[in-house]
Amino acid sequence: MKWRGIGIKWGCTEYSLAVVGLVTIAVTVLVIMNTENIDNILKLRAVEGPRDNDMTTDAPVLVDLTLVESAAVEGAVCLDGTLPGYHLDRGFGSGSNSWLIHLEGGGWCNNLMSCAMRKKTHLGSSLYMERQIIFSGILSNKPSENPDFYNWNRVKVRYCDGASYFGDMEDEIQIKLHEFFFKEYNIYFRGQRIWQAIMHDLLVKGMDKADQGLLSGCSAGGLASFLHCDNFKELFSRHAKVKCLGDAGLFMDMKDISGAYHIRSFYNEVVTTQGIVNRLPKSCTSRMDPTWCFFPQYFLPYIQTPVFVLNPAYDSWQIQNILAPSVADPHGHWQKCKLNIKECTPSQLATLQDLRTQMLNALQVFNGSRSGGMFINSCFTHCQTEMQVTWFSPGSPRLNNKTIAEAVGDWYFDRKVTREIDCPYPCDSSCHNLDFEA
């Protein structure tokens, strides 16, 4: 399968308020490119059938968007001040009291300008969110597509704060941008309140009686599933089984090809702009710079709730935005490689192998742990839980003849200790590698 799309980091300072029309157009392009990468991929969903197991129709099940009406009272709003939302497909049978919460991803905004542009997309405003979406992969309601979680209450939380559901600024920010004329915007950084409002809404709808819970997420949502993991556990009774899964959320604090810590600087802007410092785990910030504690490799050791890390060793987003961002490759020597791993030169492949090594070193925290799980395959891709072809299908990626769905199920239900690590690229023929050139 081949998909288009590429995410890049926004640049430019947040205080460039009186910019010319050409700069505004350029920023708009940057925002679109940054947010569409994950979104376009996630929209390639397999068609699924209805929840009645006796019915065999392949008609898609559309799940409605629910806006949280009570959120406004608490100031739990998207970047533009609109209500946050989620999609809920009710569980049935033995899964009626089990809840799977999946957090949407879609990058971050790191300054006032990028956040102001983002608020005009579905990643910053519920005005632009689809009113119905198809559930597939880990959200599917068919046992043939989602064997362990198909009959659970399955929820997809929409992402509209730009900081992995973690921003926490009391006052709204005002900014003036040049959009062929000067216009004033109010921006709200309320990701933490959005998280709390949606969780409260779900508790009222029955999650308070759950005996099983799984928090998952993709990309920026995968990072959020790590950040909110212990808090998620606290929402349930002490007898409930609760665990967390991060899909493509292990963003690495590493040097880019120019030797600079590009992503560290970017994350510092996110943490500072959105007031995240006081929300980060104290067990981590007491030992190191708060910005570092936005990287999972530094705070994973302090998470008390069982965690599963699902990540491709050659994460396409990280290669494009962390390892070889445009600012570090002004002459475009990495352009072909970061669009299609088959186009990488031997020296570039050696650099990618170092990325894999750093990722595996960061996961040594799971050595000797029976509660932690992992599935690190040697694929050039990003999120893998919400696409049917990568989650659970005849052609899905496999490690030791086990699909991602089977590995996650074995880990969650304590059937087996699950720590699957692939051999280095290009040994794995089961991968669905992305080709951004196609």
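Which residues does Gln-384 touch, not counting residues up to four places away in sequence? With contact taken as heavy atoms within 4.5 Å, Gln-384 touches Asp-247, Leu-310, Asn-311, Pro-312, Asn-377, Thr-390, Trp-391, Pro-397 and Ile-404. This is a predicted model, in which local features need pLDDT of at least 70 and side-chain atom pairs count only at pLDDT 80 or more, while totals for chains, interfaces and linings use all residues. Residues are numbered from 1 along each chain as its sequence is written, and side-chain values use heavy atoms, with hydrogens and water left out.

Gln-384 is found in the loop between strand E11 (373-377) and helix H12 (388-391), where helices (H or I, at least four residues) and strands (E, at least two) are DSSP runs numbered from the N terminus. Gln-384 is buried, because its relative accessible area is 1%, and buried means under 20%, exposed over 50% and partly exposed in between, with a 1.4 Å probe and protein chains only.

Rings of Phe, Tyr and Trp (its six-membered ring) pair if their centres lie within 6.5 Å, and planes under 30 degrees apart count as stacked, over 60 as edge-to-face and the rest as tilted. By this rule the count comes to 24 aromatic pairs. The centres of Phe-92 and Tyr-150 are 6.0 Å apart and their planes stand at 65°, so this pair is edge-to-face. Both Phe-92 and Tyr-150 are buried. Trp-152 and Phe-413 also form an edge-to-face pair, 6.4 Å centre to centre with 85° between the planes.
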